[in-house]
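Hi everyone, and thanks for coming. Please have a look at the structure on the screen, and I'll walk you through some parts of it.

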Amino acid sequence: MVAVCGDNSQSQITLEGGEPYLKFSILPQLFEICRIQCSTYLTAQNFNRELFIFGAVPFLETYLTETEHGFWKLDGYSLILDYSVGHNFIIINDVKAGVFTCGKNDKGQLGRSNDMGTGFDVVTQLIQVKIKSICCGHDFVLCELGVKPLHPRDELLIQKLDEFEGSIGNEDMPGMQGRLEKVIIF
């Protein structure tokens with residue numbers, strides 16, 4: 001179960017602003033929740049990797065469906081591996097789709113040049129990069145990068161280098177002159 005308390009004057013907890021929650025109030029409509037986060041709005045993720053949002057989030061309006069319990073469910077991203085919320089923005093790492101951001105970008109916190117996106121934008125710098133975890137602050141995002149899976153061509157080269165007993169860059173290993181410096185392993 002999830003319990004919430006605090007200011008609701010700017011619709012941080014409910015769809016419409018109201019009185020503060022002075023004591024913890026249980027939200028019984030949420031169950032099987034594995035993760036919660038909060039910033040200027042509240043989020044909860046269940047074990048099915050679905051994301052639910054409480055409060056007013058105008059930058060996500062086109063991606064949300066209101067549930068019968070009075071909170072929002074994020075549509076279009078159904079296999080969320082990781083996510084984090086900042087001050088009026090969100091970053092999502094979807095298993096199939098990649099890393100996406102949406103919301104306020106006045107300080108470049110979403111990794112793009114425009115101020116406010118009209119919706120989710122893919123983070124092009126992180127395409128084909130394995131993301132271990134993501135975390136948002138007030139006006140910044142931190143991504144922990146993992147080991148990028150090697151291309152089969154790179155695995156073959158590493159295997160040849162492991163088996164090689166000569167010096168690199170001479171006739172003992174034809175075709176390898178000048179190529180080693182181009183191999184980058186993440």
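Strands of a sheet pair through backbone hydrogen bonds, either parallel or antiparallel. Please keep in mind that this is a predicted model.

Four strands make an open sheet in the order β8-β9-β10-β11, and the pairing is antiparallel. Which strands sit at the edges? They are β8, residues 80–86, and β11, residues 121–122, each of which pairs on one side only. Further in, β9 (residues 89–94) and β10 (residues 98–103) run antiparallel and are joined by six bridges. To find one spot there, go to phenylalanine 89, whose bridge partner in β10 is glycine 103.

Now let's step back to the whole chain. The protein chain has 13 strands and one helix. The chain has 186 residues, and 35% of them count as buried. Its accessible surface comes to about 11400 Å², with 55% belonging to carbon and sulfur atoms. Among contacts with a separation of 6 or more, 36% are between residues 24 or more positions apart.

Next, the aromatic rings. How many aromatic pairs does the structure hold? There are four. One of them is phenylalanine 52 with phenylalanine 71, an edge-to-face pair at 5.6 Å centre to centre, with 85 degrees between the planes. Phenylalanine 52 is in strand β5 (residues 51–54), while phenylalanine 71 is in the loop between β6 and β7, so this pair ties together parts 19 residues apart in sequence. Both of these phenylalanines are buried. Phe52 and Phe71 also belong to one aromatic cluster together with Phe54.

Another edge-to-face pair is tyrosine 63 with phenylalanine 120, at 4.8 Å centre to centre and 80 degrees between the planes. This one links distant parts of the chain, 57 residues apart: tyrosine 63 is in the loop between β5 and β6, and phenylalanine 120 is in the loop between β10 and β11. Buried or exposed? Phenylalanine 120 counts as buried, at 10% relative accessibility, whereas tyrosine 63, at 22%, counts as partly exposed.

On to the cysteines. A disulfide is a covalent bond between the sulfur atoms of two cysteines. Here the count of disulfides comes to zero. Cysteine 136 is in no disulfide either, with the nearest cysteine sulfur, that of cysteine 135, 6.7 Å away. Cysteine 38 is exposed, with a relative accessible area of 56%, but cysteine 136 is buried, with 13%.

One last stop, at threonine 40. Where does threonine 40 lie? You'll find it in the loop between β3 (33–38) and β4 (42–46). Its side chain makes a polar contact with the side chain of asparagine 88, at 3.1 Å. Leaving out residues up to four places away in sequence, threonine 40 touches Gln12, Gly86, His87 and Asn88.

Note on methods:
Residues numbered from 1 in each chain as written. Predicted model: local features only at pLDDT ≥ 70, side-chain atom pairs only at ≥ 80, totals over all residues. Heavy atoms only, no water. Helix = DSSP H or I, 4+ residues; strand = E, 2+ residues; numbered from the N terminus. Buried < 20%, exposed > 50% of the residue type's maximum accessible area, 1.4 Å probe, protein only. Contact = heavy atoms within 4.5 Å. Areas by Shrake-Rupley, 256 points an atom, 1.4 Å probe, with all protein chains shown as cover. Polar contact = N/O pair within 3.5 Å; in protein donor to acceptor, adjacent residues only side chain to side chain. Disulfide = S-S within 2.5 Å. Pairing = 2+ DSSP bridges. Phe/Tyr/Trp six-rings, centres within 6.5 Å; stacked < 30°, edge-to-face > 60°.
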